Amino acid sequence: MSDSAFLQAVDRLVAGQRIPEAVSALVAAAGRRDRDALFQLGFWQIVGDVVPRDLVAARAALRQAASLGHHEAQMMEMALTANGSGGAADWKTARRLLEATPEDNHQARQVLDLICNMTLGADGSPTRAFVSEPLSRDGAVSRVSAFLTPAECRHLMHSAEDLLAPALVIDPRSGKRILNPIRTSDTASIGPLREDLAIRAINRRIASLSESSIFAGEPLTILKYKFNQQFRLHSDSLPYSKNQRTKTVIIYLNDNFSGGETVFPNIDISIIPKAGDAIMFSNIHSDGRINKDSDHAGLPVLKGSKWVATRWIRVNPFDIWKGPERAI
């Protein structure tokens, strides 16, 4: 039986609720060092649907699959190593793994090219400062020009293309993500499995800009607004959350479209998107009260498609693996 036929047979067992048989067959194949079985087992252990979540065991399975030349396992192992899922966050080891990937792993080589063109410290943090231009009188809304390079913008758009789905909003009472006509874009969350080293370095750049811990950020979210799509006036704050969103960073990934301005009507600010630029604003005051000046909207796109990347920064560390907001 071919590897693909074997995995299809395992999937059929799962679909038929024959879970113990599926797990037994996969574990046996993994024990024979079948790289596809090892990868599938590791993925199951990460998702936690078929078998209980075990990030440590998943890392071990992915390590074996990666050593046997499984490209996707190599990418996942590096991502989990860098962001500390299933172990301590270890940028140096993750970078060594990236540098050691074979030439035929084209995705890895593209990521390596990107980070080689970044000015990074030993832990992946940026070594240069970014100058913010205040847009509001109190500086609560600011803009940074050329926060990302054109290549970095393209990488984020490409990384999200296969994940895009109709956007949801967080219901403030239940904490669940729901459809709402306030937000009509497509969206994708770049969770720990997809957070390659270039994206991890960008998240560290966002943490540096927002003067926050890398672990306080929600997954980087990519949004695509097509013709007439918009995000109506709203606040990024979560009224019933015990771990509030203190800041928002929005990065414009392209500008070859019309419309789509970001507006803050309470303080009369309108921002025309420019590719690579970032805007940052505070969602709460220093005493914890909601900052109504940060209420904002993304106006309808009049021509073309608008792409942005958004990261919401919490007051305290945000555990991506827990709760309804998790993303893998």
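Predicted model: local features only at pLDDT ≥ 70, side-chain atom pairs only at ≥ 80, totals over all residues.
Close-up 1. At the N-terminal end sits a cap: Asp 34 has a side-chain oxygen 2.9 Å from the backbone nitrogen of Asp 36.

**Close-up 2. Helix α3 is mostly covered.** Take a look at its 13 residues and you'll find ten of them buried. Among them are Leu 38, Phe 39, Trp 44 and Ile 46, along with Gln 40 and Gln 45. And what lies over these buried residues? The cover includes four helices: α1 (3-15), α2 (19-31), α4 (55-67) and α5 (71-83).

**Close-up 3. The largest pocket has a volume of about 610 Å³.** Its lining is made up of 23 residues, and Gln 107, Ser 159, Asp 162, Leu 193 and Arg 194 lie nearest the centre. Helix α3 turns up here too: α3, α5, α7 (106-116) and α8 (150-160) each supply at least two lining residues. Sort the lining by class and you get eleven nonpolar, six polar and six charged residues.

**Close-up 4. The largest cavity has a volume of about 160 Å³.** β7 (220-225), β8 (231-234), β14 and β16 (306-314) are the elements that give two or more residues to its lining. Which of them gives the most? That's β16, with four residues. In total 15 residues line this cavity, with Tyr 225, Phe 231, Ile 250, His 296 and Thr 310 nearest its centre. Seven of the lining residues are nonpolar, five are polar and three are charged.

**Close-up 5. The second largest cavity has a volume of about 30 Å³.** The structure holds two cavities of 30 Å³ or more. Lining this one are Ile 190, Gly 191, Pro 192, Glu 195, Asn 203, Pro 219, Arg 311 and Ile 320. That makes four nonpolar, two polar and two charged residues.

**Close-up 6. Asn 283 sits in the loop between β13 (278-282) and β14 (296-298).** Is Asn 283 buried or exposed? Asn 283 counts as buried, because its relative accessibility is 0% and the cut-off for buried is under 20%. Leaving out residues up to four places away in sequence, Asn 283 touches several others, including Asp 236, Arg 245, Lys 247, Arg 289 and Ser 294.

Notes. Residues numbered from 1 in each chain as written. Heavy atoms only, no water. Buried < 20%, exposed > 50% of the residue type's maximum accessible area, 1.4 Å probe, protein only. Contact = heavy atoms within 4.5 Å. Polar contact = N/O pair within 3.5 Å; in protein donor to acceptor, adjacent residues only side chain to side chain. 1 Å grid on protein atoms, 1.4 Å probe; cavity = no way out; pocket = protein on both sides within 12 Å on 5 of 7 lines; lining within 4 Å. Points joined across faces, edges and corners; volume = space filled by probe spheres on them. Nonpolar A, V, L, I, M, F, W, Y, C, P; charged D, E, K, R; others polar.
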